[in-house]
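Here is a short report on a protein and its ligand. Take a look at the structure first.

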Amino acid sequence: MNKKIAVIPGDGIGVEVVKEAIKVLDAVGEKFGHTFSYEYLLAGGCAIDATGKPLPEETLEKAKQADSVLLGAVGGPKWDNIPGIRPEQALLGLRGGLGLYANLRPAVMYKELASACPLKSEITGDGIDIMIVRELTGGIYFGESGRSEDGNSAYDTESYSKKEIERLLIQAFEIAMKRNKHVTVVDKANILETSRMWREVTRDIMPKYPEVKVDYLYVDNASMQLVRNPLQFDVIATSNIFGDILSDEASQITGSIGMLPSASLGEGTFGMYEPVHGSAPDIAGKNIANPLATILSVAMMLRYSFAMKDEADCIENAVQKALSDGLRTGDIAGGKDALGTKEMGDAVVARL
Ligand code: IPM
Ligand code: MG
């Protein structure tokens with residue numbers, strides 16, 4: 001197969017980790033007889049420097065024409081104080097502009113990295129494996145916001161249509177069917193009208209998935225349950241802002257944020273894939289960042305956008321093998337000898 005991938009390395013370590021992921025993609029392509037072609041595009045701080053805008057029109061247009069998007073990370077202190085402009089606007093513009101309403105964030109604890117997990121081993125049992133399905137193009141992130149005329153009050157609006165909730169929940173139920181058939185809807189239905197509608201739409205969808213067990217948790221309780229008993233979760237379906245918060249918490253309890261990939265999906269097979277971590281300006285350019293989250297994001301791309309299951313398995317197994325061979329970048333080395341970014345990329349390629 002031939003696939004065209006829009007590549008947006010972005011800022012900071014984004015550039016370095018994307019390079020390793022492309023190396024892995026090329027090696028997998030060679031092994032399985034696919035060709036991947038890449039179009040490099042600007043977004044984030046580097047785009048502000050080059051064009052004055054975090055998301056140039058050209059980037060969005062060219063991304064739309066690709067089969068999928070690989071993104072590194074955007075942002076950095078250099079662009080923190082420009083009035084009215086932030087690198088993160090590029091992310092929201094890509095999510096909204098590409099219609100990527102479902103954000104899949106797996107939180108997996110690798111047993112080789114159990115010592116990095118901050119929870120007791122009684123709590124993590126045989127390993128944490130949660131899939132957060134976060135709504136990504138609605139809610140308070142995209143609702144009306146502003147300031148009063150005198151500037152002394154401000155507002156942001158949480159608003160959802162039934163359609164937006166339904167399409168997100170369908171993704172969550174479909175994913176649950178391929179996992180442990182359990183969906184937890186996280187909301188604040190004791191307070192928010194939007195949350196009560198999430199529950200209503202869930203009840204409308206449930207008859208289509210009779211095998212899936214459904215439960216509801218208020219977000220405050222859910223954040224507590226994630227550290228108290230993470231093994232109770234399979235798929236968590238939730239709104240944009242709750243998913244933002246809970247996915248950071250979930251990533252931290254696995255102990256390895258440098259390991260976690262993500263996929264953002266819309267209608268059809270198009271998707272955008274990126275590591276959960278940010279641009280880490282403090283370690284950029286030093287060849288010490290962990291490229292595995294981005295390499296695993298590329299595996300998700302093969303699985304979800306290109307229906308290349310064997311190819312995706314091949315990458316995930318190679319990462320697993322590198323870990324069980326004791327290879328570690330600094331963030332997961334626990335003070336022991338660490339490999340560089342490039343060397344970890346090479347190690348994965350060697351194990352494909
Ligand atoms: C994330 C990030 C973004 C978000 C920021 C950088 C806009 O925190 O992808 O989780 O809030 O969605
Ligand atoms: Mg976040």
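Which residues surround ligand 1? They are E88, L91, R95, R105, R134, Y141 and D244, where near means a heavy atom within 4 Å.

This is a predicted model, in which local features need pLDDT of at least 70, side-chain atom pairs count only at pLDDT 80 or more, and totals for chains, interfaces and linings use all residues. Residues are numbered from 1 along each chain as written, chains are lettered from A and ligands numbered from 1 in written order, and side-chain values use heavy atoms, without hydrogens and water.

The shell around ligand 1 holds 2 nonpolar, no polar and 5 charged residues. Here Asp, Glu, Lys and Arg count as charged, Ala, Val, Leu, Ile, Met, Phe, Trp, Tyr, Cys and Pro as nonpolar, and the others, Gly among them, as polar. Helix α4 (residues 88-97) gives the largest share of this shell, 3 residues.

Polar contacts are pairs of N or O atoms within 3.5 Å.

| Residue | Distance to an oxygen atom of ligand 1 |
|---|---|
| R95 | 2.7 Å |
| R134 | 2.9 Å |
| D244 | 2.9 Å |

Taken alone, ligand 1 exposes 320 Å², and the protein buries 72% of that (Shrake-Rupley method, 1.4 Å probe).

Now the whole chain. The protein chain has 12 helices and 12 strands, as DSSP runs of H or I with at least four residues, or of E with at least two, numbered from the N terminus. The C-alpha atoms fill a box of roughly 50 × 50 × 40 Å along the principal axes.

Conventions. A polar contact is a pair of N or O atoms within 3.5 Å; within protein, one must be able to donate a hydrogen and the other to accept it, and residues adjacent in sequence count only if both atoms are side-chain atoms.
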